[in-house]
Amino acid sequence: MHELLTAPWWPPVWALIKIIFVLVPLLLGVAYLTLAERKVIGYIQIRIGPNRVGFRGVLQPIADALKLLFKEVLIPANANRFLFLAAPVLAFVPAMLVWAAVPFGPDVAISNMNAGLLYVLAIAGLGVYGIIIAGWASNSKYAFLGAMRAAAQLVAYEIAMGFALVGVLMLAQTLNLSKIVEAQAGSGFWSWYWLPLFPFFLVYFISGVAETNRAPFDVAEGESEIVAGFHVEYSGMGFALFFLAEYANMIFVSILTTVLFLGGWYPPFQIAPFTWVPGLVWLLLKTAFLLYVFLWIRATFPRYRYDQIMRLGWKVFIPITIAWIVVVGVALETPLRAVLR
Amino acid sequence: MLLTTTLLFYVFSAVLLLSALLVITARNPVYSALYLVLAFFNAAALFLLLGAEFLGLILILVYVGAVMVLFLFVVMMLDINLTRLKEGFLRYLPLGLAVAIVGVLEMVSVFWVAPLGRVPAPGPIPADADNTRALGQLLYTHYLYPFEIAAVILLVAIIAAIALTLRRRPDTKSQAVGRQVAVAVKDRLRMVDLRGPRQ
């Protein structure tokens, strides 16, 4: 056993095993998130949702995946063939890469890197290339309009998102995601960062909804205005890759909100029945709740108008986050420091 | 381990130089922008090989994640005629070459006088080195004034750029959101009694 651990080929193989252990459940989670979305929105709208494939529709995602696999991949006549085919991959790869830094428990991550927060922020911003290139390479005005909207929206909300993370940094004093969670350990849910950083918590989650192009910020797709936006010309697996990326990003934003603001794998109360449950279960429960909020928001709010989205990002979120950074900075210079750290 | 690092250095450098060359030779400006993105990625990888994870990730975050997105945005919006873009190539080639040669000569003369080799080679990097923390401590103590001056220059640039492009257009239909939020029911709604006098 010891010889195995010191062999030079072991670290890459071990990394590969960890990647498989993260990505396979992730892709299954994505598949069942689509079912959950259709069911939850169905019940909110007093419908039943998919209930034909398998028991109460549990096999619906598998049927969808098979259908998409066997669809013909169409390439429009005047499209830029290479970039048209590369765009879905460019959207999908960053959505998978970000998971390298996500911690699932103390020291349980593909890579427990020191600059994890920075890595996550840098890689998450790359997904927009898939969208822009898809819009341009399709040579279609609807796709192009969707791509332009997505680019402007992403740049606007990334700034607010970055500022919200500055607050977390100021309290945790580290960029390492596991250590950020450990800094929130203590008496229970009121020692998590959502309480001292409440404006950042809201801004981060709403920006996350905007960054993943989900309703009510889904103007990049905007069915009623620009047909389906950037992926209007895609069919089959190209289309499926865009959807996999979008849903994987939803799960990622939820799990990162949990890690940064909702105490990661810590139970809400440090008393007996709650501490018996393993940490991973708490992490996934909190993530699942935030995913439910994603669906709940989609079923509740009408789509934002485009200029209002820009206004919310630039003129509301950025001033709020800057002001709260100052508040946190001042609070850290007072006796409150002992409570906050 | 050292051999792998050296090998990786040469691979990343080669791809960096190749993609930098393709930025200026690619026919399509969208391809040029994408090659520049590739060049940034390889530069970031070189930073990571040096153990400078903060610089590498910030390069991706700022240049790839924001600057190049806006660049692509603009390049895609322009309706560029590729044949006309290539027309003046030979005419401007002598001028371009002259500028390039002057630039190279100047750089060579600078490095001849003050070689970069004078900087002592870094010792072995400790396993728990925190690049971000070290940079932050230096920037906010030793280099505080240069850092603040750089920040003020950037702020001036932002204000200048906005002032140059800002124009008041009184004929556009814009909404004052503060006033929209401030309205009360009685400002917008008037209850009218539609029942006529009783017969």
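Start by selecting Ile132(A): leaving aside residues up to four places away in sequence, Ile132(A) touches Ala147(A), Ala150(A) and Ala151(A) in its own chain, and Val69(B) and Leu72(B) in chain B. This is a predicted model, and the predictor gives the complex an ipTM of 0.81 and a pTM of 0.85.

**The contact between the chains**

Next, select the residues of each chain that touch the other. There are 17 in chain A, in contact with 17 in chain B. On the chain A side, helix H5 (116–124), helix H6 (127–137) and helix H7 (141–172) each supply at least two residues. Colour that side by class: 13 of its residues are nonpolar, two are polar and two are charged.

**The nonpolar core**

Now select the largest nonpolar core, which has 122 residues. In soluble globular proteins, nonpolar side chains tend to be buried together.

**Chain A as a whole**

Along the principal axes, its C-alpha atoms fill a box of roughly 65 × 55 × 45 Å. Of the 341 residues, 45% count as buried. Among contacts in chain A with a separation of 6 or more, 78% are between residues 24 or more positions apart.

**Helix H13 of chain A**

Select residues 279–300 of chain A, which form helix H13. At 1.5 Å a residue, its 22 residues should span 32 Å, and this agrees with the 32 Å between its end C-alpha atoms. Within H13(A), pick out the buried residues: Trp282(A), Leu283(A), Lys286(A), Thr287(A), Leu290(A), Leu291(A), Phe294(A) and Leu295(A). An α-helix has 3.6 residues a turn, so residues three or four places apart point the same way.

**Leu241(A)**

Stay on helix H11 of chain A and select Leu241(A), which lies in it. Is Leu241(A) buried or exposed? It has 22 C-beta neighbours inside 10 Å and therefore counts as buried. Not counting residues up to four places away in sequence, Leu241(A) touches Pro88(A), Val89(A), Ala91(A) and Phe92(A). Draw a distance from Leu241(A) to Leu90(A): the two are 151 residues apart in sequence, and 9.5 Å apart in space, C-alpha to C-alpha.

**Chain B**

Of its 199 residues, 12% count as buried. Residues 24 or more positions apart make up 56% of the chain B contacts with a separation of 6 or more.

Colour chain B by confidence to finish. Its mean pLDDT is 83, and 86% of its residues reach 70 or more. Where in chain B is confidence lowest, and where is it highest? The lowest is in helix H4 (residues 82–87), with a mean of 66, and the highest is in helix H7 (residues 144–165), at 92.

Terms used. Residues numbered from 1 in each chain as written. Chains lettered and ligands numbered in written order. Predicted model: local features only at pLDDT ≥ 70, side-chain atom pairs only at ≥ 80, totals over all residues. pLDDT = per-residue confidence, 0-100. Helix = DSSP H or I, 4+ residues; strand = E, 2+ residues; numbered from the N terminus. Contact = placed C-beta atoms within 7 Å. Nonpolar A, V, L, I, M, F, W, Y, C, P; charged D, E, K, R; others polar. Buried ≥ 20, exposed ≤ 12 C-beta atoms within 10 Å, placed from the backbone. Expected span 1.5 Å × (residues − 1). Core = buried A, V, L, I, M, F, W, Y, C linked by C-beta atoms within 7 Å.
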